[in-house]
Amino acid sequence: MSDINIPSHIAIIMDGNGRWAKERGLNRTAGHEEGAKTVRKITSYCADIKVKYLTLYAFSTENWQRPKLEVEFLMKLLGKYLKNELNVYLENNIRFKAIGDLSRFSKALQKTIKETEEKTSKCSGLTQVLALNYGSKDEIIRAIKKLNTLNLEVTEENLESCLDTAGMPDVDILIRTSGEVRLSNYLLWQNAYAEMFFTKTYWPDFNEAELDDILSDFTKRERRFGGI
């Protein structure tokens, strides 16, 4: 990895859990469980190679439209994941952060999220960010309301300070798995100059080798940020 330019911030749209399960004759829930294993694997790898921020699209504001039983399963899976991962975070010096409107989650899940953030707050390696009940349009609207509440002038810097990602660098690499080629209301502001990669691999099958290939491609790209 020595010849690869490691980005500060990687964002991933983890897509394809349901289709992965369907192709194997399994329930969609099995795909989500397998996807959670991939989250651990990719998070640990990003920590090892010194990525500073890994932001994962875990549950969108639109995902509430899914079948009730699937949503309930995802909520239980999230709570279980955070409790199981706490020691992994601490052992690997990984800080956990959640972004999105958490108010719609159960009090118990909100407590688990907050406790995980607090217990890992002193970790100084990778920050794993889970986007939970997150939608970029919703985030920007909430940021504007915060600007108004604080009576701040509408500037780029002030708006950024009111986003869920305040204090984080913009996204360097945006990855979407499963073959879909769209942003799906994800980090629209933060992805302004991200290098984008779309892979046909379903999220449960995504691995370190494929991430390495993306990082190698990223190193070859010339990022001009609107300049010549």
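Residues are numbered from 1 along each chain as its sequence is written, and side-chain values use heavy atoms, with hydrogens and water left out. Because the model is predicted, local features need pLDDT of at least 70 and side-chain atom pairs count only at pLDDT 80 or more, while totals for chains, interfaces and linings use all residues.

Helix 3 (residues 68-91) and helix 4 (residues 107-119) have axes that come within 10 Å and cross at roughly 15°, where helices are DSSP runs of H or I with at least four residues, numbered from the N terminus, and axes are lines fitted to C-alpha atoms over the stretch in contact, with angles from 0 to 180 degrees between N-to-C directions. Helix 3 is therefore roughly parallel to helix 4 (angles under 35 degrees count as such), and their crossing is left-handed, the near helix being turned anticlockwise from the far one by less than a right angle. On helix 3, Met75, Leu78, Gly79, Leu82, Lys83, Leu86, Tyr89 and Leu90 meet Leu109, Thr112, Ile113, Thr116 and Lys119 of helix 4, contact meaning heavy atoms within 4.5 Å. These residues comprise eight nonpolar, three polar and two charged (Ala, Val, Leu, Ile, Met, Phe, Trp, Tyr, Cys and Pro count as nonpolar, Asp, Glu, Lys and Arg as charged, and the others, Gly among them, as polar).

Key. Helix = DSSP H or I, 4+ residues; strand = E, 2+ residues; numbered from the N terminus. Parallel < 35°, antiparallel > 145°, perpendicular 65-115°, else oblique.
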